[in-house]
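Trainee: I would like to know what stands behind each label. Can we go through them one by one?

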Amino acid sequence: MPLILNRLQLAASIFRCNLTPKVIPVKFLHPTFVRHDEEEEVANVDRNNANIKVPPSKDRSQVIPVETSMKYLKSSAYRQTYGNDPVWKHYRRNYKGSFLPRKTRKLCIRGGVVSTGSPCPICRDEYLILDYRNIDLLKQFISVHDGRILDCNVIGLCQKSYKDLRVAIMKAKDYGILTYDVPYRYYNYLEWKN
């Protein structure tokens, strides 16, 4: 037992020596290293001040009106991108391993910037706006067989977009813009007769 403890202590001392930072004397520093470090500090200060240059494809800070989204759904650009299929049809989320996770991610857009590599179908296209007036988009997420909202694992929406979708569909049904069938029940009134 003491032999094993001695070996563990020896291994710990070796790792400890390798992890200690190596100090470089100031007289060996080249001026280019100093300039490079100063540039990194300036870049970090710019990032902290939110002056980050975001690629236009990932910027979602601009608010797009619902009317523009409704025109986009009828345009040739939309047909060229999605064809006659719903927007979620050809979407495949990147996930680790061979099994699909139980829940989808919480959100794709953080601070007005797309923060994931494979955003959900609504977050990746800035012209798709979930609103109760945008009926053509809402109908794509409703099952044609029973009229229920499709599951978020089937359509691949993030949890925030899925919540917005449910709110928009319920609001459209309340306003009467989106029609839905209420099942008719047949009663046998002979059972109620005396």
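Trainee: Where is proline 119 found?

Mentor: Proline 119 is found in the loop between β2 (113-114) and α5. This is a predicted model: local features need pLDDT of at least 70, side-chain atom pairs count only at pLDDT 80 or more, and totals for chains, interfaces and linings use all residues. Residues are numbered from 1 along each chain as its sequence is written, and side-chain values use heavy atoms, with hydrogens and water left out.

Trainee: Why does proline 119 count as buried?

Mentor: Buried means under 20% relative accessible area, exposed means over 50%, and partly exposed lies in between (1.4 Å probe, protein chains only). Proline 119 has 14% relative accessibility, so it counts as buried. Its C-alpha atom is separated by 8.4 Å from that of leucine 157, 38 residues apart along the chain.

Trainee: What makes proline 121 buried?

Mentor: Its relative accessible area is 0%, so proline 121 is buried. Proline 121 lies in helix α5. Between the C-alpha atoms of proline 121 and valine 87 there are 6.3 Å, although the two are 34 residues apart along the chain.

Trainee: How many helices and strands does the protein chain have?

Mentor: The protein chain has 8 helices and 2 strands. The names rest on DSSP runs, numbered from the N terminus: helices are H or I with at least four residues, strands are E with at least two. From the N terminus on, the order is α-α-α-α-β-β-α-α-α-α. Of the 194 residues of the protein chain, 26% count as buried.

Trainee: Why do arginine 133 and glutamate 67 count as a salt bridge?

Mentor: A salt bridge is a side-chain nitrogen of Lys or Arg within 4 Å of a carboxyl oxygen of Asp or Glu. The side chains of arginine 133 and glutamate 67 meet at 3.8 Å, N to O. The pair qualifies because that distance is within the limit. Arginine 133 lies in the loop between α5 and α6 (135-138) and glutamate 67 in helix α3 (residues 66-73), so the bridge ties together parts that are 66 residues apart in sequence.

Trainee: What makes aspartate 164 and lysine 160 a salt bridge?

Mentor: The distance is 3.4 Å, N to O. Both residues lie in helix α8, 4 residues apart, about one turn of the helix. Aspartate 164 is partly exposed at 33%, and lysine 160 is partly exposed at 46%. By this rule the count comes to 4 salt bridges.

Trainee: How much space lies in the largest pocket, and what makes it a pocket?

Mentor: About 480 Å³ of space lies in the largest pocket. Of the 17 residues that line it, the closest to its centre are Ile109, Ile122, Leu128, Ile129 and Lys160. On a 1 Å grid over the protein atoms alone, a pocket is an open set of points where a 1.4 Å probe fits, with protein on both sides within 12 Å along at least five of seven lines; lining residues have an atom within 4 Å of a point.

Trainee: Which helix gives the most to the lining of the largest pocket?

Mentor: Helix α8 gives the most, with 3 residues. By class, the lining of the largest pocket has 10 nonpolar, 2 polar and 5 charged residues. Ala, Val, Leu, Ile, Met, Phe, Trp, Tyr, Cys and Pro count as nonpolar, Asp, Glu, Lys and Arg as charged, and the others, Gly among them, as polar.

Trainee: Which residues lie nearest the centre of the second largest pocket?

Mentor: They are Ile142, Gly147, Thr179, Tyr180 and Asp181, out of 13 lining residues. About 330 Å³ of space lies in the second largest pocket. Its lining divides into 5 nonpolar, 4 polar and 4 charged residues.

Trainee: Why is tryptophan 192 called exposed?

Mentor: Its relative accessible area is 69%, so tryptophan 192 is exposed. Tryptophan 192 is found in the segment after α8. Together with Tyr187 and Tyr189, Trp192 forms a nonpolar patch on the surface, with about 480 Å² of accessible area together. Patch residues need over 30% relative accessible area and no salt bridge, and nonpolar side chains (Val, Leu, Ile, Met, Phe, Trp, Tyr) are joined within 5 Å.

Technical notes: Grid points are joined across faces, edges and corners, and a volume is the space filled by probe spheres set on the points. Patches are made of residues with over 30% relative accessible area and no salt bridge: like charges are joined within 9 Å, nonpolar side chains (Val, Leu, Ile, Met, Phe, Trp, Tyr) within 5 Å. Accessible areas come from the Shrake-Rupley method with a 1.4 Å probe; for residues, only the protein chains shown count as cover.
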